[in-house]
Amino acid sequence: MAEFLLVADQVSPVVEGELSGCAAALALALSVAKHRVTIVSLATPDQASRLPGMARRLRTIRIRVGAGDQELSLYEGRSAVSQCALYALGAQSENRGRRSVLLASAANSLVRDQICWPDVVVGWGETSALALACAPSAHAAFVVPDGRWDQPLSGDERAELDPENPAVAVSNGMLVGLGAIEADVVVLPCPGAAEAFRRAAELSCRASDQPVTSMRFGCDELPHDPATDPALAATFSAESPSGKQECRRILIRRTSLAVGPRTLLLATGPLDPARGGREILDAVSRLGRADVAVVFPAGGDRALVDQANVLAIGSPGKVTVFPELGWEAERQILAAADAVFLADATDLTGRPASLALRYGALPLAPDAGANGDYLVDRDVASQTGCGLLYAPADPWGGVGAIQRAIALRTNVELWQPLLASLMRAAPRWSATAASLEAICLTPRAA
């Protein structure tokens, strides 16, 4: 058993969000693997005091930020998500340099007071960069969870950092560069992102022989579990998939779609121009009389959603915009859909496709980014593969992928076994934790 210190400026349940939920899920997976895990994060005093079980420590922490010192409260308790020890410093800031200093000060305080003595420090996100040096004897892993990094710090943000820290001086004003300098290994969410990190000219400050690796992040954190998800009309699993048919029936009734027993019920990704929203609309408009019913999500770019509504008016019973917003609505669509059409060729996490797999929906995705790295194109002859890939630069490529999915859906002998295999192919946080163990603990043991 090893001791892990996970440092993230946002972590669930302190702050709810996709990346904060992933940080908590990784902590839970490490805890389930019999490791001791301590989480350090930031929260406003009001946020921390509202969390059940969180209490303010009597001893405050003195923090030097910018030109002065501050006394801040540290809150402690147990994470409702992961049941790991959770510490939240009572402060928040939009200044990235200040957030990094606050996180590092909180982590240093825990190590200095011997509340934890980590074997591994995991920095989740750029603002964890300074905290990676809080325990010099520990193995430091710097995780860039979305595969991208921000612009260099502004003058005001850089003024918050310690000018006497030699790493600050050579990091080119970039927190991700500072994190790479302080870390023993850098972790990114897909091989493509790792290769871009290695080649980035702005990160020449890091050692040329520094290990840069990738690992696939899980997607099975709660509430993303179709066997227990309270938002669904019926629950299901790979072993008992019959509930998915009930979810499909309920969504068809709510949206008034004209869907036959072998019609492909196709959900789409968000109608966001930065995530392939225009390409999604273009592909759907080219489908003609194909045996497919399309469900667009309600959120996204207003102009693109308006175009989707125009398509729905022109194709009654075949195209609809789901009437509700929110995480529950997204999960209800995934649970009912036979396939999910994605068009973001720049996605470096693969999370939308992973969630589709989790709910038994076949991902149709461009052969680029994380999807190109992780999805295996379905081969009918060998009954292998967990997605349908298409060339992102081909305007008819997405239409071809949808036509292939329609052909699969009409063949019951092919479709029923596919449903269970899709759900089993969804990545798990336990596998992510095992990869992190192999990276951080095996070399030290050797």
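User: Why is tryptophan 124 called buried?

Analyst: Its relative accessibility is 4%. Buried means under 20% relative accessible area, exposed over 50%, partly exposed in between, with a 1.4 Å probe and protein chains only. Tryptophan 124 therefore counts as buried. Phenylalanine 217 is buried too, at 11%. The model is predicted: local features need pLDDT of at least 70, side-chain atom pairs count only at pLDDT 80 or more, and totals for chains, interfaces and linings use all residues. Residues are numbered from 1 along each chain as its sequence is written, and side-chain values use heavy atoms, without hydrogens and water.

User: How many aromatic pairs does a search of the whole structure find?

Analyst: The search finds 4. Rings of Phe, Tyr and Trp (its six-membered ring) pair if their centres lie within 6.5 Å; planes under 30 degrees apart count as stacked, over 60 as edge-to-face and the rest as tilted.

User: What makes the pair of tryptophan 124 and phenylalanine 217 tilted?

Analyst: The centres are 5.6 Å apart and the planes are at 35°, so the pair is tilted. Tryptophan 124 lies in strand S8, and phenylalanine 217 in the loop between strand S11 and helix H8, so the pair ties together parts 93 residues apart in sequence. Strands (E, at least two residues) and helices (H or I, at least four) are DSSP runs, numbered from the N terminus.

User: How do you know that tryptophan 149 and phenylalanine 197 are edge-to-face?

Analyst: Their planes are 85° apart, with 5.4 Å centre to centre.
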